[in-house]
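Please keep the sequence and the model in view while reading.

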Amino acid sequence: MAHLLRAEYGPEGPSGAVVKWHVVRTGEEAAAMCGAPIAEGAETRPESDWGTGLRGCQQCGSLYLHEVPFLGADWRSP
């Protein structure tokens, strides 16, 4: 399953800062995995941007980590 990151804006809307980033499933871009509604036209980023320092939704992050496959090649042995 593919995912995207979508922006949640503060009271100023898109002209203001992004409050946090939510994870959405591709094809379900109007609602975050945590259940938060996502504004139409909210900025979108690829799921590979998760964990790069963006302020992410903790609930979405937890659910996302349960859905993405564990790829052993991504981890090095000590």
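The side chains of E28 and R25 form a salt bridge, with 3.8 Å between N and O. A salt bridge is here a side-chain nitrogen of Lys or Arg within 4 Å of a carboxyl oxygen of Asp or Glu. Side chains of opposite charge can pair when their charged atoms come close.

The model is a predicted one, in which local features need pLDDT of at least 70 and side-chain atom pairs count only at pLDDT 80 or more, while totals for chains, interfaces and linings use all residues. Residues are numbered from 1 along each chain as its sequence is written, and side-chain values use heavy atoms, with hydrogens and water left out.

R25 also forms a salt bridge with E67, where the closest N and O atoms are 2.5 Å apart. This pair links distant parts of the chain, since R25 belongs to strand β2 (residues 18–25) and E67 to helix α1 (residues 58–67), 42 residues apart. Helices (H or I, at least four residues) and strands (E, at least two) are DSSP runs, numbered from the N terminus.

E28 counts as partly exposed because its relative accessibility is 44%. R25, at 23%, is likewise partly exposed, and E67 is partly exposed at 32%.

By the rule given above, the count comes to three salt bridges. One of them joins the side chains of R45 and E43, at 3.3 Å from N to O. R45 has a relative accessibility of 26% and therefore counts as partly exposed; E43, at 33%, is also partly exposed.

Is H22 buried or exposed? H22, which lies in strand β2, counts as buried because its relative accessibility is 1%. Its side chain is joined to that of E8 by a polar contact of 2.5 Å. A polar contact is a pair of N or O atoms within 3.5 Å; within protein, one must be able to donate a hydrogen and the other to accept it, and residues adjacent in sequence count only if both atoms are side-chain atoms. Leaving aside residues up to four places away in sequence, H22 touches L4, L5, R6, E8, A32, C34, A36, I38, C57 and C60, where contact means heavy atoms within 4.5 Å.

Key: Buried means under 20% relative accessible area, exposed over 50%, partly exposed in between (1.4 Å probe, protein chains only).
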